[in-house]
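Reader: Could you walk me through this structure and show me how to read its features?

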Amino acid sequence: MRKLNYGLAINEAFHQCMERDDRVFILGQGVLNPWYVGETARGLDTKYGPSGRVIDPPVSENGMNGVVIGAALAGMRPITIHPRLDFLNMGLEQIINEASNWAYAFGGQQSCPCVFRGIINRGGEQGAQHSQATQALFMHVPGLKVVMPATPYDAKGLMIAAVEDDNPVVYIDDRWLYAEEGYVPEEYYTVPLGKANTIKAGKDVTIVAISYMVKLAQEAAMILAQDGIECEIIDPRSLTPFDDDHVFSSVKKTGHVVVCDSGWKTAGVAAEISAKIVENVFDSLKAPILRVTLPDAPAPSNKYEELAYYPTARHIVDAVKKVCGAKQAPQFAVASSNGVSAS
Amino acid sequence: MGGSTELLMSTDIDLKSRARSLGKETLLGLHLQLIRIRLFEERAAELLEAKEINTACHLYIGQEAVATGVCKALRNTDLIWGNHRSHGHYLAKGGDMRSIMAELLCKATGCAKGRGGSMHLYNKEIGMLGTVPMVAATIPIGVGAALAAKLKKTDDVSVAFFGDGATEEGIFFEAINFAALHKLPMIFVCENNYMSSHLPLTDRRTTEKLFELVAMNSMHSIRADGMNVIEMYDLSTEAVERARRGDGPTFIEAETYRFRGHVGPKDDLDVGIRDRDILQSWIDRDPILQLESLLVSEGYTTAAKLETIRKQVLAEVADSVEFARNSPDPDGSGVLDHVFIGGAK
């Protein structure tokens, strides 16, 4: 089984999409940058640059999103890359007003097959405008598909599926996952949009976690296992379309739910997933749902406030114990993945 | 206001020779298209007054020469991109009257299945892949289509129509810069009607010369008399040839004026946001009357033949209304259809 890290899995998806389909091109800030994040653009320039299919554009986020939409309407399969979601925010008009509406407003006559890739860059003392995780904005808007891979396998398979899809897809990856290694088939494959994945089976509690929170949920599950609590971890992988049935069937089994998102709490992804569960499988719930998210505050820069700001596995452990009715407060020290010890 | 009559007078003689080089068939074709748009819009205005059309309509009356001249220079596979005021673009590019009139009545037979209304027009067969009312939004989208043509190695061109207000959006300059940088087969048609909704250009800019805004971008940039269809056609033809040759984009500022108000059938004089004398000065330059005067005086046609054409077009308009009235309304049960192509999953 060939292993690859998350960043290079995205890179491999790019190469294979471009090799198979002349309509695919990449327009992304920094793709010609030698120290580009996670090596996700490695080798694209030398292979596809001469044909004009790799473009490092001027700093014009909204305009470039429009260019990508226009190319998609005219028959191409473009991918655009915004190295931080904060900068993607400057291009929201074209995504929310245009790409999302094109299929519906014209009566289903026109597809807009394009991928908007945005990257989360939390921590590292980067502060309020280099750290945001705004996936909830895109999940809110009808007409956009939204995917957030947590594993190298999904990073490649979801990117290929996003490129193949006839609709605009917002693909959000997280820098904190780039070094994660895992099984990635060498061949071209897709992970279907709208299909959740059971990361780990368990009977006591359902942890619904997305993106980087899946990794924290896995750490939490190992700790909780020592206490005899068996966690089931569900990774939706796609926020839109959302695999309701997969999540609901797990909730019916466990009756306890913790929802983990790397974005803000209020009106966020975890709130929406919680509402879906309450509306549909309320009778299965044995306790209220708890959310583990960012607090409702912008990101700080200094590492001390970052420690207090970003959720860790310990927060998930606490939440699980609470929904499962544990009386004792947890006693664990956890090394979080940003290298800072949280206890 | 810009667009001085001196400019028109100075080109008057030249215009006759340009008309001769175009020939009778082309001239009559241009005239027919102008009339089709005008009479369609005037009927739409009546239906708005009668509340038979309820979707917000931004009428093109007065600006017909711009769409007509530009689209005459295009072929079917060239793509055009419109805005909230795009009835004229739709008809000029070859769209049939029935499908757009049905869309204004929001009928299931409309060009956007009754889903779009006046501001969301669509017709793939004529190279019109969608108009939207967000100001300047289709300018970069048009540039993206031009990039697609370049990557696909076709020699199709892409044309974005937008108003003077759109030049105030940041995205306008983003699109201009990218198109110039990559020498894309793109034509920017700025229909400067000197009003953005209720606000005159002079209250929004220190210059009225919009073609100068892009001069620093190594782009061919010209100002055209948007009330003169022959000039619009000539300059558009040059721009199309430049784009097809691979010599990059062109910016055309077409000075024009809308005879009606920003939205709806009225002229906005009643609410005090337009000057009656200025409006009249532009009505005196009516693009249709100008062309008809030339056609008759130079012997291309007669007043009687023009009257026959008018009646034929009126019949086409009446047919489109009849078709729209007899068309089914959309079935409300389909309201959640087409949020995604291929269904929700």
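Author: Gladly! Let us begin with contact: two residues are in contact if their C-beta atoms, placed from the backbone, lie within 7 Å. This is a predicted model, where local features need pLDDT of at least 70, side-chain atom pairs count only at pLDDT 80 or more, and totals for chains, interfaces and linings use all residues. Residues are numbered from 1 along each chain as its sequence is written, while chains are lettered from A and ligands numbered from 1 in the order in which they are written.

Reader: How many residues does the contact take from chain B and from chain A?

Author: Chain B gives 37 residues and chain A gives 38 residues. To name the parts, we use DSSP runs numbered from the N terminus: helices (H or I, at least four residues) and strands (E, at least two). On the side of chain B that touches chain A, β2, α7 (138–152) and α8 (170–181) of chain B each supply at least two residues.

Reader: What is the order of strands in the open sheet of chain B?

Author: Two strands pair if DSSP finds at least two bridges between them. In chain B, 6 strands form an open sheet with parallel pairing, in the order β2-β1-β3-β4-β8-β7.

Reader: Why is one side of β2 (128–131) and of β7 (220–225) of chain B left without a neighbour in the sheet?

Author: Both strands of chain B stand at the edges and each has a single partner strand, so one side of each has no neighbour in the sheet. Within the sheet, β4 (residues 186–192) and β8 (residues 250–255) of chain B pair in the parallel sense over 6 bridges. B:Cys190 has B:Glu253 in β8(B) as its bridge partner.

Reader: Which helix packs on that sheet?

Author: Angles run from 0 to 180 degrees between N-to-C directions, with axes as lines fitted to C-alpha atoms, for helices over the stretch in contact. Helix α4 (residues 64–72) of chain B packs on the sheet, and its direction makes about 165° with that of β4(B).
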